[in-house]
Structure formats: C-alpha cells, structure tokens
Amino acid sequence: MPNSSSISEFLLLALADTRQLQLLHFWLLLGIYLAALLGNGLISTAVACDHRLHTPMYFFLLNLALLDLGCISTTLPKAMANALWGTRAISYAGCVAQVFFFVFFFSAEYSLLTMISYDRYVAICKPLHYGTLLGSRACATMAAAAWGIGFFNSLLHTASTFSLPLCQGNAVDQFFCEIPHILKLSCSKSFKSYLREVGFLLFSVCLALVFFVFIVVSYVHIFRAVLRMPSEQGRHKAFSTCLPHLAVVSLFLSTGSFAQMKPFSNSSPFLDLMVSFLYSVLPPTLNPIIYSMRNKEIKHALSKVLQNVHYSSFNKVRICLT
C-alpha cells in the first residue's frame with residue numbers, strides 16, 4: 001500500500017460519470033462562483049469607495065466579504081477544472097493548500113461573525129460608548145485577531161493532518177480535500193497521531209462552542225434592550241441592523257453543524273457531497289444577498305458604484321468611436 005511519502009496526488013470525488021453531466025456541473029458551479037464573486041466583490045468595492053460606509057459595522061462586513069471570496073475560491077475553481085477536463089486528480093501540494101486555506105477562511109469567518117455580534121451589542125446596548133469601545137484601532141485589532149485565529153487554527157490542523165502516514169490509498173471521497181476524508185486514509189498503526197488530530201478537532205469544537213455562547217449571550221442582551229425601546233420606529237431600526245447578521249450566523253452555523261453531526265462512517269458519498277456543498281459554497285454565495293437585501297446604505301452605495309462603472313464604460317466607448 002502507498003504511504004504518505006509515495007503519494008504525489010489525490011483523487012477527488014467525481015461529480016458525475018457521464019461527460020454531459022460533468023459539463024452541466026461545470027456550468028452550474030461556474031454560475032455559482034461568478035455570483036459569489038460579483039456579490040462579494042460589489043460589497044467590498046462599495047464599502048471601500050463610499051466614505052459613509054467607513055464605520056465599524058461595514059469594516060467588519062468588508063472583511064467578511066473578503067473571507068467569503070477566499071473560502072469559495074479555495075474549493076470551486078479546482079472542482080470546475082476537474083468537471084471541465086473530466087479529471088479527478090489534485091496534487092499533494094494542492095491538497096495541502098486546499099485544507100490550509102479552507103480551514104483558515106472558515107475559522108476566521110466564524111471568529112469575525114462573533115466579533116460582529118459584539119459590534120451589534122455595543123451599538124444597541126451601549127450606544128453612547130460605541131465610538132470609544134469600537135474605534136479604528138479596536139476594529140483593526142479585532143479583525144486582525146479573527147484572521148490570526150483562522151491562521152493558527154489552520155496551521156495546527158494542516159500540519160497535524162498531513163504528518164499522519166497515509167496507507168489507505170489516495171482516493172478522497174469529496175469534491176475538495178477535507179480533513180475527515182484525509183484522516184480516513186491514515187494508517188491504523190498511527191493511532192497516537194490520529195488521536196492527536198482528533199484532539200485538535202475537539203479543541204476547535206470547544207472554541208466554536210465558546211464563540212457560539214458569546215453570540216447567544218450578545219443577542220439575548222440585544223433583544224432585551226430592543227424590546228425595552230419605547231419607540232416602534234427605534235425597535236424596527238435596531239432589528240433591521242441585527243437581522244442580516246443573525247441570518248448569516250444562522251446559515252453558517254446550521255450548515256456547519258449539520259456537516260459535523262451527520263453519521264460520517266455510514267453516510268453515502270452523495271450525502272457527504274451535498275452537506276459539504278451546503279456549508280462550503282452556500283454561505284459565501286448568499287451572504288452578500290442577505291446583507292444587501294434590506295440595507296438602504298448598501299443599496300445606495302452599490303447603485304453609485306454601478307453608475308460609475310456605467311459612466312466610465314460609456315466614456316470609453318464614446319472615445320473609441322470618436
């Protein structure tokens with residue numbers, strides 16, 4: 001049997017058996033990927049270009065959009081390439097990179113969503129101290145902490161996973177390299193190393209639970225403060241600023257929790273594929289829609305960006321014609 005030193009590539013799960021279905025999957029994934037790029041790209045551009053959106057909430061939203069772009073760009077391009085060319089192979093280095101960057105962006109996004117809940121808590125429960133508690137330095141520190149948590153968590157898991165000797169072949173039953181499926185390829189004799197990675201996974205789960213409790217406690221205080229507001233208009237405005245974040249957190253946690261709670265050893269490859277697609281592709285695609293759906297400031301900024309693009313394109317065409 002091959003060991004980790006002799007494995008030069010992994011074989012990912014084929015999305016379809018026939019050429020027609022492979023091409024159909026390619027166009028479907030391409031449409032989803034372009035929608036995610038467009039949505040997150042527009043939000044990033046709008047926040048960066050509109051000075052009225054240079055506030056803590058939109059600063060965190062900009063970071064969230066960048067993390068979503070990174071997360072979906074880690075998995076879909078390779079899946080699209082394999083579907084287009086009818087292959088399954090990914091290099092050993094490419095698999096390591098996929099694991100590292102996916103865990104990095106996923107962990108950083110969860111950390112950032114936790115910090116956004118703190119932003120909403122301060123904005124609604126302590127509005128007079130908002131500028132003091134969430135100044136530019138504090139926001140930069142919190143964002144850097146989210147990215148840093150993602151980096152070190154990813155470095156820990158990637159190093160631990162690929163230090164295991166692999167002797168169960170090189171076929172990964174997933175459309176991208178995912179840690180549980182890499183662990184299935186490890187040797188049974190390396191029980192201590194396997195147990196170490198499981199311990200790291202349990203540590204990550206405990207950390208995720210701490211973040212979850214923080215989010216829940218924040219929103220308990222937020223809802224109590226909102227319900228005590230005498231003005232119905234004030235309650236509506238407060239809820240409108242919190243509901244998009246709450247929807248994004250619910251989508252992120254529900255898909256991620258379902259992926260973790262499914263019976264891994266007995267589940268079919270199709271179920272694994274659908275669950276992984278839900279938690280790795282759906283949130284980065286839907287987050288821009290959720291945040292911009294009822295946000296007038298985002299809509300106004302996006303309309304200005306699109307108008308500027310249209311005006312610039314019109315001027316270029318007119319110059320070419322003249």
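**Helix packing and cysteines**

Student: Why are helix 2 and helix 3 called roughly antiparallel to each other?

Tutor: Their axes cross at roughly 160°. Over 145 degrees counts as roughly antiparallel, under 35 as roughly parallel, 65 to 115 as roughly perpendicular and the rest as oblique. Helix 2 and helix 3 are therefore roughly antiparallel. Helix 2 passes helix 3 in a left-handed crossing.

Student: What sort of model is this?

Tutor: It is a predicted model, in which local features need pLDDT of at least 70, side-chain atom pairs count only at pLDDT 80 or more, and totals for chains, interfaces and linings use all residues. Residues are numbered from 1 along each chain as its sequence is written, and side-chain values use heavy atoms, with hydrogens and water left out.

Student: Which residues make the contact between helix 2 and helix 3?

Tutor: Contact here means heavy atoms within 4.5 Å. Helix 2 contributes residues including M57, F60, L64, L67 and K78. Those of helix 3 include F101, F102, F105, L112 and I116. By class, the contact has 13 nonpolar, five polar and five charged residues.

Student: How do you know that C95 and C177 form a disulfide?

Tutor: Their S to S distance is 2.1 Å. A disulfide is a pair of cysteine sulfur atoms within 2.5 Å. C95 and C177 are therefore joined by a disulfide. By this rule the count comes to one disulfide.

Student: Where do C95 and C177 lie?

Tutor: C95 is in helix 3, and C177 is in the loop between helix 5 (136-162) and helix 6 (179-183). They are 82 residues apart, so the pair links distant parts of the chain. Both C95 and C177 are buried (under 20% relative accessible area; exposed is over 50%, partly exposed in between; 1.4 Å probe, protein chains only).

Student: What makes the disulfide of C95 and C177 left-handed?

Tutor: The torsion about its S-S bond is about -125°, so the disulfide is left-handed.

Student: How are C125 and C242 classed, buried or partly exposed?

Tutor: C125 has a relative accessible area of 26%, so C125 is partly exposed. C242 has 2% relative accessibility, so C242 counts as buried. Across the protein, buried residues make up 44% of the 322 residues.

Terms used:
Axes fitted to C-alpha atoms, helices over the stretch in contact; angles between N-to-C directions. Helix = DSSP H or I, 4+ residues; strand = E, 2+ residues; numbered from the N terminus. Left-handed = near helix turned anticlockwise from the far one by under 90°. Nonpolar A, V, L, I, M, F, W, Y, C, P; charged D, E, K, R; others polar.
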